[in-house]
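Welcome! Keep the sequence and the 3D view side by side as you read this short tour.

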Amino acid sequence: MFKMEIKKVDESIIKEVFQPRKRESRKYDFGLLNVVGGSYLYTGSPALNALAALRSGVDLVRVIAPKRAADVIASFKPDLISYPLDCDYISKKQVSEIVALLLSSREVANNKTALNIGGGLGRNPKTKEAVLEIIEKTDDVPFIIDADAIHAIAEDKKVLEGKKFILTPHAYEFYVLTGKSIFNTPLEEKAKAVLEVAREIKGVIVLKGYEDIISDGNEVFVNTTGTPFMTKGGTGDVLAGIVGALVARGCDLLKSALAGTYISGKAGEVASSVKGESLLATDVIDSIEKVININ
């Protein structure tokens, strides 16, 4: 009979992923993260990805987005690099341009790179087609697939074959992806479902919730950091940004997922202790430093 051990993520994961830096460290030693997201209507999601990633220690973040979103994001902070695409929403017309940018960043950063994709893209059928083509045509770059990109993947999971990726669905997105309803089910049942799906698709899954469940298909973990105040829109984008930063820095996928959930939840706890009902996703970002700088 199959016996499943659910392991708990704890603070020790921080010291595993954040080692002391060498004095001679230079730009790109700690990665370059690309963020593909946004649309004419949705501009905040990729910005939250990018800001959370920078606070999590990645050296550079480049947001590749439709022009209006890129222009808005460029105005947030001088730390952000935004690359405007000539469109209101991403379609197959932009795929070759995006793929070229992704592959060039791999060379610039000596393979210390990753791609966050999904936040704010929208669910236009043409955008979904573009997401699938971007993933299909981009080799040797690990993906963090979130939000609207999960809806695209649900239509053709075969595109993930041979890729390195982390999927970060909440319960409804997990249902869209798998057809498995895990709403209001016990932890053990959810953990089993996540483990089975991760094994089937040969990737890492982070099922977001008040208890995050993480699996690579071999092991399964639960993260219990977090707060009910993190129901606020944008906190999932923060998590994806943290995870993307860790992958770009060179951490393996599972460890990045474990650390990302812990950091995001703990930063939310720190922020909510001050902000309470007024907590914003940006408050969580501002609290990341209090969680990771413990060495």
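## Starting at Met4

Met4 touches Glu188, Ala191, Lys192, Leu195 and Val220, leaving aside residues up to four places away in sequence; touching, or contact, means heavy atoms within 4.5 Å. Met4 sits in the segment before β1 (6-8). Strands such as this one are DSSP runs of E with at least two residues, helices are runs of H or I with at least four, and both are numbered from the N terminus. Met4 counts as partly exposed because its relative accessibility is 24%. On this scale, buried means under 20% relative accessible area, exposed means over 50%, and partly exposed lies in between (1.4 Å probe, protein chains only).

A word on the model itself: it is predicted, with local features needing pLDDT of at least 70 and side-chain atom pairs counting only at pLDDT 80 or more, while totals for chains, interfaces and linings use all residues. Residues are numbered from 1 along each chain as its sequence is written, and side-chain values use heavy atoms, with hydrogens and water left out.

Asn184 lies in the loop between α7 (171-178) and α8 (187-201). With 82% relative accessibility, Asn184 counts as exposed. Its phi is near 55°, a positive value in a residue other than glycine. Met4 and Asn184 are 180 residues apart along the chain, and their C-alpha atoms are separated by 20 Å.

Asp140 also has a positive phi, about 65°, although it is not a glycine. Look for Asp140 in the loop between α5 and β6 (143-145); at 60% relative accessibility, it counts as exposed. Gly162 belongs to the loop between α6 (148-153) and β7 (165-167), and its 84% relative accessibility makes it exposed. From the C-alpha atom of Gly162 to that of Thr227, 65 residues apart along the chain, the separation is 36 Å.

## Two helix pairs

Two packed helices are described by the angle between their axes and the distance between the axes. Here, axes are lines fitted to C-alpha atoms, for helices over the stretch in contact, and angles run from 0 to 180 degrees between N-to-C directions.

How do helix α2 and helix α11 pack? Helix α2 (residues 44-55) and helix α11 (residues 281-292) pack at about 15°, and their axes are 9 Å apart. That angle makes α2 roughly parallel to α11 (angles under 35 degrees count as roughly parallel, over 145 as roughly antiparallel, 65 to 115 as roughly perpendicular and the rest as oblique). From α2, Leu48, Leu51, Ala52 and Arg55 meet Ala281, Thr282, Ile285, Ile288, Glu289 and Ile292 of α11.

Helix α4 (residues 95-108) and helix α5 (residues 125-137) cross at roughly 35°, with axes that come within 10 Å. In this pair, Val95, Ile98, Val99 and Leu102 of α4 meet Ala130, Glu133, Ile134 and Lys137 of α5.

## Inside the model

In soluble globular proteins, nonpolar side chains tend to be buried together. A nonpolar core is a set of buried Ala, Val, Leu, Ile, Met, Phe, Trp, Tyr and Cys residues joined through side-chain atoms within 4.5 Å. The largest one has 54 residues, and Leu246 and Ile288 are among those with the most contacts inside it. A second, separate core of 44 residues includes Ile117, Ile150, Phe165 and Ala193.
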